[in-house]
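Student: I have a new structure to look at. Could you show me how to read some of its features?

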Amino acid sequence: QVQMVESGGGLVQAGGSLRLSCTASGNIFSIDMMDWYRQAPGKQRELVAAITTGGSINYSDSVKGRFTISMDNAKNSVYLQMDSLKPEDTAVYYCHARDFTIVKYVYYWGQGTQVTVSS
């Protein structure tokens, strides 16, 4: 069993910053990608940023230039530095990981952490 523990959410004013952290632990084979999704009330969950152990990074257009994703492979941890936050960034943020078990990929989700940006 694998646990994904997130931290760092909270309430911040527009223009402020927050840093999210997520660590996977347990029966992990080889995580090769970690990413952050978010879901605002009444909206579908969307990909915010993704990073692979090979160093490939992708951002959604809505956060490009404001958010920075990073990964510590040895700790199976991923981070999301969020700067210049806007009210439209308000959502529950979920950590997500892809684990390569040789025969297939297995995916894990965190429990979510609330980010609220006030105007």
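This is a predicted model: local features need pLDDT of at least 70, side-chain atom pairs count only at pLDDT 80 or more; totals for chains, interfaces and linings use all residues.

Student: Which cysteines form a disulfide?

Tutor: In general, a disulfide is a covalent bond between the sulfur atoms of two cysteines. Here a pair of cysteine sulfur atoms within 2.5 Å counts as one. The structure holds one disulfide, and it joins Cys-22 to Cys-95, with the sulfur atoms 2.1 Å apart. Cys-22 belongs to strand β3 (residues 18–26) and Cys-95 to strand β9 (residues 91–100), so the bond ties together parts 73 residues apart in sequence. Strands (E, at least two residues) are DSSP runs, numbered from the N terminus.

Student: Why is this disulfide called left-handed?

Tutor: The torsion about the S-S bond of Cys-22 and Cys-95 is about -85°, so the disulfide is left-handed.

Student: Are Cys-22 and Cys-95 buried or exposed?

Tutor: Both Cys-22 and Cys-95 are buried. Buried means under 20% relative accessible area, exposed over 50%, and partly exposed in between (1.4 Å probe, protein chains only).

Student: What does Asn-76 contact?

Tutor: A contact means heavy atoms within 4.5 Å. Leaving aside neighbours within four places in sequence, Asn-76 touches Cys-22, Thr-23, Ala-24, Ile-28, Ile-31 and Met-34. Asn-76 sits in the loop between β7 (67–72) and β8 (77–82), and it counts as buried because its relative accessibility is 18%.

Student: How many aromatic pairs are there?

Tutor: A pair of aromatic rings is described by the distance of the centres and the angle of the planes. Rings of Phe, Tyr and Trp (its six-membered ring) pair if their centres lie within 6.5 Å; planes under 30 degrees apart are stacked, over 60 edge-to-face, and the rest tilted. The structure holds four such pairs. One of them, Tyr-105 with Tyr-107, is tilted, at 6.5 Å centre to centre and 40° between the planes.

Student: Where does the charged end of Arg-98 sit?

Tutor: The charged end of Arg-98 is over the ring of Tyr-105, 4.3 Å from its centre. The rule asks for NZ of Lys or CZ of Arg within 6 Å of the ring centre and within 35 degrees of the ring normal.

Terms used: Residues are numbered from 1 along each chain as its sequence is written. Side-chain values use heavy atoms; hydrogens and water are left out. Helices (H or I, at least four residues) and strands (E, at least two) are DSSP runs, numbered from the N terminus.
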